[in-house]
Amino acid sequence: MPYLEYGKIDKKTEQRLQTLLRKNFRKYWRKKRTFDVIVTAILLVILFVPMLLVALIIFIDDPHGSPLYKQVRIGRHGKEFEMFKFRTMYTDADKRREELMGDNEMDGPVFKIKDNPRITRLGKILRKTSLDELPQLFNVFLGNMSLVGPHPPLPCEVSEYSDYHKLRLIVTPGITCDWQIAHNRNDISFETWVEMDLNYIENRTALGDLRIIFMTPFTMLTATGR
């Protein structure tokens, strides 16, 4: 794990790392990957036309950029990959992030504000319902994401991680997770979020993944995302 320097990590991180690695998840991972590919292929066929319609509406709402947005994220073992999303922000959003950092409502290396001026009118709806994340199905099909796993962070967020926080990068990131289906997820502290991810990694099972997948549409219907 190149993102963790053995011999230099603190005792707490080393002990938790050993706990996370004590089980052999090889069979689980093979089943998980097979499940991801089959389910994702089916979902992409079913959702292809609706996704095209969403892309068209995004373009009509704000024709100054592509409906699809590619963003560098950090995946398993700290490797970078391009994550796909529907564009929910204006084209100059990345440049305006720094000037809005003082309004950040999340603790830790995460940036979220309730009334983000960088988000388009349609983008607010897409984010509340998590529909902006549908293109991540292509990431799952390609293998750099899974249907279930810790939310993939930005490089600038990981640069502020402690070694303990980096433990959440042991597994492939996912579209949905325990944090994603939490009703009050935007009010959860970053440290609690990390513990939720680590508990998932330590106790992950196929049945647990199915529970999270089953709960995700209900969370989307409550429209509590930002």
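# Questions about a predicted model

Q: How many cavities of 30 Å³ or more does a search of the whole structure find?
A: This is a predicted model, in which local features need pLDDT of at least 70 and side-chain atom pairs count only at pLDDT 80 or more, while totals for chains, interfaces and linings use all residues. Residues are numbered from 1 along each chain as its sequence is written, and side-chain values use heavy atoms, with hydrogens and water left out. On a 1 Å grid over the protein atoms alone, a cavity is a set of points where a 1.4 Å probe fits but cannot get out, a pocket is an open set with protein on both sides within 12 Å along at least five of seven lines, and lining residues have an atom within 4 Å of a point. Searched in this way, the whole structure has cavities of 30 Å³ or more to the number of one.

Q: How much space lies in the largest cavity?
A: The lining of the largest cavity includes Ile-74, Gly-75, Arg-76, Pro-150, His-151 and Arg-168, and by class it has six nonpolar, three polar and two charged residues. In this grouping Ala, Val, Leu, Ile, Met, Phe, Trp, Tyr, Cys and Pro count as nonpolar, Asp, Glu, Lys and Arg as charged, and the others, Gly among them, as polar. A volume is the space filled by probe spheres set on the grid points, which are joined across faces, edges and corners. For the largest cavity the space comes to about 40 Å³.

Q: Which element supplies the largest share of the lining of the second largest pocket?
A: The second largest pocket has a volume of about 410 Å³, and of the 18 residues that line it, the closest to its centre are Leu-43, Leu-134, Ile-175, Thr-216 and Met-220. By class this lining has twelve nonpolar, five polar and one charged residues. The largest share, five residues, comes from α9.

Q: What percentage of the 226 residues in the chain do buried residues make up?
A: The chain has nine helices and four strands, which run from the N terminus on as α-α-β-β-α-α-α-β-α-β-α-α-α. Buried means under 20% relative accessible area, exposed over 50%, and partly exposed in between, with a 1.4 Å probe and protein chains only. Among the 226 residues, the buried share is 47%.

Q: Is Asp-209 buried or exposed?
A: Asp-209 has its place in helix α9. Leaving aside neighbours within four places in sequence, Asp-209 is in contact (heavy atoms within 4.5 Å) with Tyr-28, Lys-32, Val-148 and Tyr-200. Because its relative accessible area is 7%, Asp-209 is buried.

Q: What span does helix α8 reach from its first C-alpha to its last?
A: Helix α8 covers residues 190–203 and has 14 residues, and among its buried residues are Phe-190, Trp-193, Val-194 and Asp-197. What covers the buried residues of α8 includes α1 (11–21), α2, β3 (146–148), α7 (178–181) and α9. The expected span of a helix is 1.5 Å times one less than its number of residues. Close to the 20 Å expected, the span of α8 is 20 Å.

Q: Which residue stands opposite Gln-71 in β2?
A: Strand β1 (residues 68–74) and β2 pair in the antiparallel sense over seven bridges, where pairing requires that DSSP finds at least two bridges between two strands. Across this pairing, the residue in β2 opposite Gln-71 is Met-83.

Q: Which residue follows α4 and has a positive phi?
A: Most residues other than glycine have a negative phi, and most peptide bonds are trans. Helix α4 (residues 121–129) has Leu-122, Gly-123, Leu-126, Arg-127 and Thr-129 as its buried residues. The residue in question is placed in the loop between α4 and α5 (136–142) and is buried, with a relative accessible area of 11%. Its phi is near 65°, and its name is Ser-130.

Q: Which residue in the hairpin of β1 and β2 takes a positive phi near 60°?
A: The hairpin has five residues between the strands. Although it is not a glycine, a positive phi of about 60° belongs to His-77.

Methods: Helix = DSSP H or I, 4+ residues; strand = E, 2+ residues; numbered from the N terminus.
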